[in-house]
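Open the model in your viewer and keep the sequence panel beside it. This tour goes from one selection to the next.

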Amino acid sequence: MNATGNQPPAMLPKKGEYLQKDVKQMAKYCQVPINLPKDFVKAVIVKGSLPAMRFITAVDIAEPQFLESVSRELWMRIWSRDEDIVQPESILAAAEKAGLPSGKSQELLKMSTSPEVKNRLKETTDEALKFGAFGVPCFVIQTDGQPQLFFGSDRVELLGNVLGEKWLGPVPTSSKL
């Protein structure tokens, strides 16, 4: 968002007000335990997520088999339980809960401040910007050798259509049709 001059929707009063309701409805619809942080501005805007993103990048480089579980646990900490994701002890707690061995977590935490990790995260961000990303969630797919960007969770059905897949919703087995 910074690189494109975009502003988080919650920073615009009417969108922020709307998001309070929308997030609850989407959480129920998707059956995902989302609870916005009580102090959204402090947690998301002021503190941000850079240390967590660097840690996830280190995991991706050195222990990619833990990438999904660590990413999910860090997501759950901030977006479900309103817990910190930037302090070293918070990152280590998430890694432990995700099943990453303690010694390896410590190594990856040290690695997360290295030039290698910082550069990899910057390259990944630059690649997303090259495709036109300006916020989250963004999806980039290749069709006919060309990248296509889709922005927003409300575009998943369209994304499926472009891929030739039928979107059955976030929890297809719960459909009452």
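What is the relative accessible area of K104? Select K104: the value is 24%, and K104 is partly exposed. Keep in mind that this is a predicted model.

The side chains of E63 and K104 form a salt bridge, 3.4 Å from N to O. This pair links distant parts of the chain, since K104 is in helix α6 (residues 102-111) and E63 is in the loop between α3 and α4, 41 residues apart. E63 counts as buried, at 13% relative accessibility.

Next, select D84 and K47. Their closest N and O atoms are 2.6 Å apart, in another salt bridge. D84 lies in the loop between α4 (67-79) and α5 (88-97), while K47 lies in the loop between α2 (40-46) and α3 (50-62). D84 is buried at 16% relative accessibility, and K47 is partly exposed at 37%.

K14 is exposed at 63%; E17 is partly exposed at 44%.

Then select E73, R77, R81 and E83, which are linked in a network of salt bridges.

Finish at helix α8 (residues 156-163), where V156, L159 and G160 are buried. Viewed down the axis of α8, the buried residues fall within an arc of 100°, so they line one face of the helix. The face turned away carries the exposed residues E157 and N161. Show β1 (138-143) and β2 (146-151) as well: they are among what covers the buried residues of α8.

How values were computed:
Residues are numbered from 1 along each chain as its sequence is written. This is a predicted model: local features need pLDDT of at least 70, side-chain atom pairs count only at pLDDT 80 or more; totals for chains, interfaces and linings use all residues. Side-chain values use heavy atoms; hydrogens and water are left out. Buried means under 20% relative accessible area, exposed over 50%, partly exposed in between (1.4 Å probe, protein chains only). Helices (H or I, at least four residues) and strands (E, at least two) are DSSP runs, numbered from the N terminus. The arc is that of the directions from the helix axis to the C-beta atoms. Contact means heavy atoms within 4.5 Å. A salt bridge is a side-chain nitrogen of Lys or Arg within 4 Å of a carboxyl oxygen of Asp or Glu.
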